[in-house]
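Subject: Structure handover

Hello,

Please find the structure below for your records. My notes on it follow.

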Amino acid sequence: MDSILLFDDPAIRGSLLPFTFTRPVADIRVGILKISEKWEKISGGSVSFLTQDYLQKKFPRKAGNALAINGAWLPDSNSLSLLKSLSADQALYFGKILIASYIGETEKNLASVKDKEIIQMDSEPLLLLKTWNIFQFNGIEIRKDFDLITQGRKSVRIKDAHTALYSPDKIFIEEGAIIRASVLNADNGPIYIGKNTEIQEGALIRGPFALCESATVNMGAKIKGDTTIGPHSKVGGEVSNSVIFGYSNKGHDGFLGNSVIGEWCNMGADTNTSNLKNNYSSVKLWDYTAGNYTNTGLQFCGLMMGDHSKCAINTMFNTGTVAGVGANVFGSGFPRKFIPSFSWGGGEGLSTFLFPKFLETAKAVLGRRGIELSSEDLEIYHMVFEISKNYRIWETTS
């Protein structure tokens with residue numbers, strides 16, 4: 001099989017904003033691994049990306065012919081065998097959604113699929129089509145990734161006599177993890193504890209749960225199932241069915257539920273997200289493709305927060321809030337339910353977080369982790385600032 005090229009389906013990519021402002025679809029983490037990492041594990045090789053021009057430098061495409069696969073496809077153990085039967089003159093679809101097709105080295109897009117024989121999939125693939133699918137599918141994906149990562153391997157043993165394990169056969173701990181006086185309950189699903197992580201005293205954790213490399217669960221935290229804490233992130237308080245991509249902090253008390261938090265975000269002390277409306281009706285969420293709110297069909301849906309967004313202490317997010325990239329949220333009352341990228345303010349009104357000021361903050365945040373802002377990231381953030389201008393039309397009502 002040629003190398004794997006994970007492409008962004010334009011319609012799907014738009015429905016996964018604000019997260020796809022700063023990454024290809026396949027760079028989204030759901031379960032323990034990013035989608036691209038799942039394909040690497042299954043195929044045994046590396047993958048590359050076919051994405052927006054302004055993202056392509058950071059997420060390059062390998063030279064040569066490739067099997068182009070829809071980056072929204074969450075693969076399973078049978079996915080690769082299904083693709084091996086696909087020939088160069090065929091295109092694999094599910095309904096009207098292109099799933100896979102071969103692409104030549106000189107082809108810059110998938111326009112040639114229109115001339116290929118259409119092959120329809122017999123069964124429905126698991127596709128990440130909406131932002132809320134990230135937390136909705138997270139429990140399923142933790143289970144799949146757990147099996148993929150741990151097969152044939154032995155977990156490190158916990159030596160701490162004050163840590164309680166339930167269903168220890170479904171708990172896997174990597175080298176370098178530190179766990180003290182905590183409760184890990186895997187009765188309802190597996191628990192994966194990554195390399196060099198720390199679970200501090202009094203933490204209560206229920207599976208399915210994933211703590212990725214160098215992440216921390218703070219003292220007394222209450223972590224409910226279907227939750228992923230991405231690499232180098234810190235969490236405290238109460239977290240339920242949420243995904244934090246990486247390098248983000250929710251270190252204090254406060255509730256985060258049915259939510260997705262991007263990279264390099266920070267949530268101030270006692271920040272709370274509502275994930276259930278008082279009348280128990282379905283939650284509506286901002287849809288970038290429609291330019292309006294769309295009905296998720298979900299009773300529980302909290303906060304979608306793009307990369308490098310921050311909120312101050314005691315921030316209260318309403319049910320079904322979307323915050324874009326680089327927003328700085330503060331002030332009394334509930335902020336509006338759609339907070340455009342590079343917003344500054346909260347419930348009392350919003351203005352623009354000027355790009356030079358944003359860069360100062362971003363560099364300071366990365367600097368605390370010993371990381372410099374790359375030229376690729378600088379270009380990406382500047383492009384997102386420009387393409388998101390149309391959303392920064394400040395009104396008195398949301």
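Two strands are taken as paired if DSSP finds at least two bridges between them. Helices (H or I, at least four residues) and strands (E, at least two) are DSSP runs, and they are numbered from the N terminus. This is a predicted model, in which local features need pLDDT of at least 70 and side-chain atom pairs count only at pLDDT 80 or more, while totals for chains, interfaces and linings use all residues. Residues are numbered from 1 along each chain as its sequence is written, and side-chain values use heavy atoms, with hydrogens and water left out.

Sheet and strands

By that rule, strand β4 (residues 90-94) pairs with strand β5 (residues 97-103) in the antiparallel sense, over 4 bridges. Within this pairing, L92 stands opposite A100 in β5. Both strands belong to an open sheet of 6 strands with mixed pairing, in the order β2-β1-β3-β5-β4-β6. Its edge strands, each pairing on one side only, are β2 (47-50) and β6 (117-120). From one strand to the next the twist averages 25°, with axes taken as lines fitted to C-alpha atoms (for helices over the stretch in contact) and angles running from 0 to 180 degrees between N-to-C directions.

L285 has T294 in β27 as its bridge partner. The hairpin of β26 and β27 has 4 residues between the strands, and G291 there takes a positive phi near 65°.

Cavities

Rolling a probe the size of a water molecule over the atoms shows where empty space is left. Here a cavity is a set of points, on a 1 Å grid over the protein atoms alone, where a 1.4 Å probe fits but cannot get out; lining residues have an atom within 4 Å of a point. Grid points are joined across faces, edges and corners, and a volume is the space filled by probe spheres set on the points.

The structure holds 2 cavities of 30 Å³ or more. β26 gives the largest share, 3 residues.

The lining of the largest cavity divides into 5 nonpolar, 4 polar and 2 charged residues.

T315, M316, V329, F330, G331, G333, P335, G346 and G347 line it. These divide into 4 nonpolar and 5 polar residues, with no charged ones.

Aromatic pairs

A pair of aromatic rings is described by the distance of the centres and the angle of the planes. Rings of Phe, Tyr and Trp (its six-membered ring) pair if their centres lie within 6.5 Å; planes under 30 degrees apart count as stacked, over 60 as edge-to-face and the rest as tilted. The count by this rule comes to 21 aromatic pairs. One of them is the tilted pair of F355 and F358, at 5.8 Å centre to centre with 35° between the planes. F355 and F358 both lie in helix α7 (residues 355-367), 3 residues apart, which is about one turn of the helix. Both are buried, meaning under 20% relative accessible area, where exposed is over 50% and partly exposed lies in between (1.4 Å probe, protein chains only).

F355 also forms a tilted pair with F385, at 5.4 Å centre to centre and 55° between the planes. F355 lies in helix α7 and F385 in helix α8 (residues 375-387), so this pair ties together parts that are 30 residues apart in sequence. F385 is buried, with a relative accessible area of 10%. Ring pairs link F330, F342, W344, F353, F355, F358, Y381 and F385 into a cluster. Of these, F330 also lines the second largest cavity.

Loops

V25 sits in the loop between α1 and α2 (35-43) and is buried, with a relative accessible area of 1%. L129, in the loop between β6 and α5 (133-136), is partly exposed at 33%.

Regards

How values were computed. On a 1 Å grid over the protein atoms alone, a cavity is a set of points where a 1.4 Å probe fits but cannot get out, and a pocket is an open set with protein on both sides within 12 Å along at least five of seven lines; lining residues have an atom within 4 Å of a point. Ala, Val, Leu, Ile, Met, Phe, Trp, Tyr, Cys and Pro count as nonpolar, Asp, Glu, Lys and Arg as charged, and the others, Gly among them, as polar.
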